[in-house]
Amino acid sequence: MTLYPKLILDALATVRYPGSGKNLVEAEMVADNLRIDGMAVSFSLIFEKPTDPFIKSMLKAAETAIHTYVSPDVQVTIATESKQAPRPEVGKMLPQVKNIIGVSSGKGGVGKSTVSANLAVALAKLGYKVGLLDADIFGPSMPKMFQVEDARPYAERIDGRDMIIPVEKYGVKLLSIGFFVDPDQATLWRGGMASNALKQLIGDAAWGELDYFLIDLPPGTSDIHLTVVQTLAMTGAIVVSTPQAVALADARKGINMFTNDKVNVPILGLVENMAWFTPAELPENKYYIFGKEGAKKLAEEMNVPLLGQIPIVQSICEGGDNGTPVALDENTITGRAFLSLAASVVRQVDRRNVEMAPTQIVEMHK
């Protein structure tokens, strides 16, 4: 049997691309590099993005069509091309970001997202360029905390790629899956889908130059945490806990998750949230309703810094619900507490970067 280009193209014309409904030839997805050598055929299929979800199925369908409509003896080799530049490799994402920090907690309900939002705002008030990624795929809260629930990020073509432009509020660049899903519907995704969505928010967004990129991680330990640490070169992690014993037990697990050999992310420190209750009218009074200095004692036991203690004040809850983080007002008790926390984080990151510098110099000279 003699093969010729029209035989191959006619076979490929029977395969429809789900994204447009057109066949591969009609959609101009068959590159002009078709080569025939006896019973061997090679060519490329062109996709819009290197992350096209139909790549594998289209490769299989194209090969099957040639075997069905031409001959089962044809040796088919199909490569792929993309109209867009590929996403940077793992470990090389966000090259313009100086410090990447994960904010984590062993359990939900300890105020981790509140700490993340206010820490981001406080760092911005100190003059730093800050980005905040809401990585809680199944329970995103940052759109509400920043009063941008109606925002719809758009894409802009930058250096040959369609990049998501983050929302900006209070000097913080912000992205959340909450911008892209119905807030009244549950996000019923398997782990792989959630991880892929997170990779897009990280690698396909125009974060630009940042001094600090905070990642508000979901509570507990999950695929999301592994995706983050395997995708990014993280500066370190912050673990949030209340003084309560049940929260401290999970905080201990959170510390272990980051410091074990498989993850190996430094712990920048602990934040004790809801450290005490202070009535606004009696700012000097402290009521330890969840226990006293539990996170401080855990920090000493685990030999990690205690970055800050955040009191319970009604304005924290109101600020989160109204989309006005309390860190915006440095004249309040909690505003000062978050500015102090931000300063502690900066000092700890600077200390770690200084400690890492000799190692990096050695690596450069190897």
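The model is predicted, so local features are taken only at pLDDT of at least 70 and side-chain atom pairs only at pLDDT 80 or more, while totals for chains, interfaces and linings use all residues. Residues are numbered from 1 along each chain as its sequence is written, and side-chain values use heavy atoms, with hydrogens and water left out.

Helices (H or I, at least four residues) and strands (E, at least two) are DSSP runs, numbered from the N terminus. Burial comes in three classes by relative accessible area: buried is under 20%, exposed is over 50%, and partly exposed is in between (1.4 Å probe, protein chains only).

Let's start with helix 1, where Ile8, Ala11 and Leu12 are buried. Seen down the axis, these residues fall within an arc of 100 degrees, so they line one face of helix 1. The arc is that of the directions from the helix axis to the C-beta atoms. Strand 1, strand 2 and helix 2 are among the elements covering the buried residues of helix 1.

Next comes the loop between helix 1 (5–12) and strand 1 (35–37), which is where asparagine 23 sits. Is asparagine 23 buried or exposed? Asparagine 23 is buried, with a relative accessible area of 12%. A polar atom of its side chain lies 3.5 Å from the backbone oxygen of alanine 13, and a polar atom of the asparagine 23 side chain lies 2.9 Å from the backbone nitrogen of valine 25. Contact means heavy atoms within 4.5 Å. Not counting residues up to four places away in sequence, asparagine 23 touches Leu12, Ala13, Val15 and Arg16.

Alanine 13 is in the loop between helix 1 and strand 1 too, and is partly exposed at 30% relative accessible area. Alanine 13 and valine 25 are twelve residues apart in sequence, yet their C-alpha atoms are 5.4 Å apart in space. With residues up to four places away set aside, alanine 13 touches Asn23 and Val25.

Phenylalanine 54 belongs to the loop between strand 2 (40–47) and helix 2 (55–69). Leaving aside neighbours within four places in sequence, its contacts are Tyr17, Pro18, Gly19 and Phe47.

In helix 8 (residues 294–302), the buried residues are Gly294, Ala295, Leu298 and Ala299. They cover an arc of only 135 degrees around the axis, which puts them on the same side of helix 8. On the face turned away from that buried side you'll find the exposed residues Lys297, Glu300 and Glu301. Cover for the buried residues of helix 8 includes helix 7 (245–259), strand 12 and strand 13 (306–312).

Which non-glycine residue with positive phi follows helix 8? That's asparagine 303, with phi near 60 degrees, and asparagine 303 is exposed at 70% relative accessibility. Glutamate 293, in the loop between strand 12 and helix 8, also has a positive phi, near 55 degrees, but counts as partly exposed at 25%.

**Salt bridges**

Side chains of opposite charge can pair when their charged atoms come close. Here a salt bridge is a side-chain nitrogen of Lys or Arg within 4 Å of a carboxyl oxygen of Asp or Glu. The whole structure has eleven salt bridges, including these:

| Lysine 83 | Glutamate 48 | 3.8 Å |

Aspartate 250 and lysine 253 both lie in helix 7, three residues apart, about one turn. Aspartate 250 is buried at 16%, whereas lysine 253 is exposed at 56%.

**A nonpolar surface patch**

Phe277, Leu282, Tyr287, Ile289 and Phe290 form a nonpolar patch on the surface, with about 440 Å² of accessible area together. Patches are made of residues with over 30% relative accessible area and no salt bridge, with nonpolar side chains (Val, Leu, Ile, Met, Phe, Trp, Tyr) joined within 5 Å and like charges within 9 Å. Areas come from the Shrake-Rupley method with a 1.4 Å probe, and for residues only the protein chains shown count as cover. Phenylalanine 277 is in strand 12 (residues 267–277) and is partly exposed at 33%.

Terms used. Polar contact = N/O pair within 3.5 Å; in protein donor to acceptor, adjacent residues only side chain to side chain.
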